[in-house]
Amino acid sequence: MNNEHKKITVVGAGNVGASCAQRIAERGYVDVVLMDIVESLPQGKALDILQSGPLLGFSNSIIGTNSYQETTNSDITIITAGVTRKPGMSRDDLLLANMEIVKGVTDNIVNYSPDSIIIMVTNPLDAMAQLAFRLSRFPRNRVIGMSGVLDTARFKAFIAMELNISVRDIQALVLGGHGDTMVPIPRLTTVSGIPIAEFLPEERINSIVDRTIKAGDEVLSKTGISAYYAPSAAIARMVDAIVLNENKILPCSAYLEGEYGINGVFVGVPVKLGRSGIEDIIEVKLTPQESEALMRSAEAVRELDKIMKLD
Ligand code: APR
């Protein structure tokens with residue numbers, strides 16, 4: 001084992017967690033611990049991923065465990081433990097069940113990996129990030145929600161499909177909570193620097209925005225299970241930015257302390273992701289309409305905090 005490798009724990013060896021463990025293990029530059037409460041499940045999945053190493057050419061460590069002991073001193077802990085939506089459910093319907101799970105997981109992170117960066121994936125993720133932040137008392141740069149990276153990828157994918165152009169040429173931004181109140185920003189969305197309004201009429205843009213907001217539901221209604229290929233790719237993208245100290249600007253759920261006129265709540269905004277987690281929160285000048293939509297999104301997250309009695 002290369003001692004230079006960062007240690008990444010993925011809590012929850014279900015669809016999102018195992019897929020994420022696979023993606024980050026395949027990067028070859030981190031050691032991965034896959035943790036779940038179900039006996040032998042993470043061990044089996046880790047073994048399966050490990051056995052792809054000789055084929056794909058990675059030799060970093062990946063282990064599965066049911067014990068937090070093995071997660072000790074993780075540099076990053078990704079929380080995917082929890083229950084998922086069934087068709088017809090909203091992410092907010094998961095609040096009470098996942099709150100109990102995330103509480104327990106956070107306590108263990110504090111005990112075993114007090115210097116870890118937490119990436120929250122469990123839904124409703126802005127509220128779950130808030131819960132982990134409050135319970136852990138970690139500084140805000142070390143608690144980050146995975147939302148905007150995924151929502152932006154979905155937005156880009158739909159634009160590329162509509163225009164029949166390379167997805168690589170699209171720069172896009174989605175702000176707000178990871179739910180029905182998310183705020184895609186077409187004004188700041190471009191194709192090779194050209195605003196998308198030059199390519200598409202307003203009603204087509206609006207319909208792509210609407211599809212982006214409901215992208216998770218679209219997958220769920222077709223497959224019957226919560227999405228995991230794109231979510232796991234989004235997590236891996238964030239891990240890259242942190243482990244490789246890329247200082248990359250990505251939209252993530254972050255605890256705001258006055259930025260965008262919002263205080264004391266997690267909401268999706270552009271951040272600079274690097275070695276310390278959130279290195280900076282980027283404030284973009286929004287139109288009054290965009291700003292109002294972001295405020296509404298923050299209020300929706302705040303409502304969930306009240307139910308969790310975090311205030
Ligand atoms: N500690 C560790 N693992 C747990 C715990 C716990 N306290 N409670 C549940 N788990 C595990 C389950 O055993 C299961 O293996 O979490 C895993 C969840 O996996 P799936 O049911 O496949 O759910 P998944 O699709 O991975 O989604 C997980 O991510 O995107 C979000 O909305 C989604 O909140 C959900 C989470």
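Hi everyone, let's start with Arg137, which sits in the loop between helix 5 and strand 6 (143-145); helices (H or I, at least four residues) and strands (E, at least two) are DSSP runs numbered from the N terminus. This is a predicted model, where local features need pLDDT of at least 70, side-chain atom pairs count only at pLDDT 80 or more, and totals for chains, interfaces and linings use all residues. Residues are numbered from 1 along each chain as its sequence is written, and side-chain values use heavy atoms, leaving out hydrogens and water.

Arg137 is not a glycine, yet has a positive phi of about 60°. With a relative accessible area of 74%, Arg137 is exposed (over 50%; buried is under 20%, partly exposed in between, with a 1.4 Å probe and protein chains only).

Asn245 also has a positive phi, near 50°. You'll find Asn245 in the loop between helix 9 and strand 12 (248-257), partly exposed at 25% relative accessibility.

Next, the peptide bond from Asn123 to Pro124 is cis, with omega near -5°. Pro124 lies in the loop between strand 5 (117-120) and helix 5 (125-136).

Now, inside: which residues touch the most other members of the largest nonpolar core? Ile24, Ile76, Ile78, Ile119, Val239 and Leu273 do, out of 55 residues (buried Ala, Val, Leu, Ile, Met, Phe, Trp, Tyr and Cys joined through side-chain atoms within 4.5 Å). Helix 9 (residues 229-243) contributes the most, 8 residues. Domain 1 (7-145) and domain 2 (148-307) both supply residues, so this core lies between them; the bounds come from an automatic or database domain assignment.
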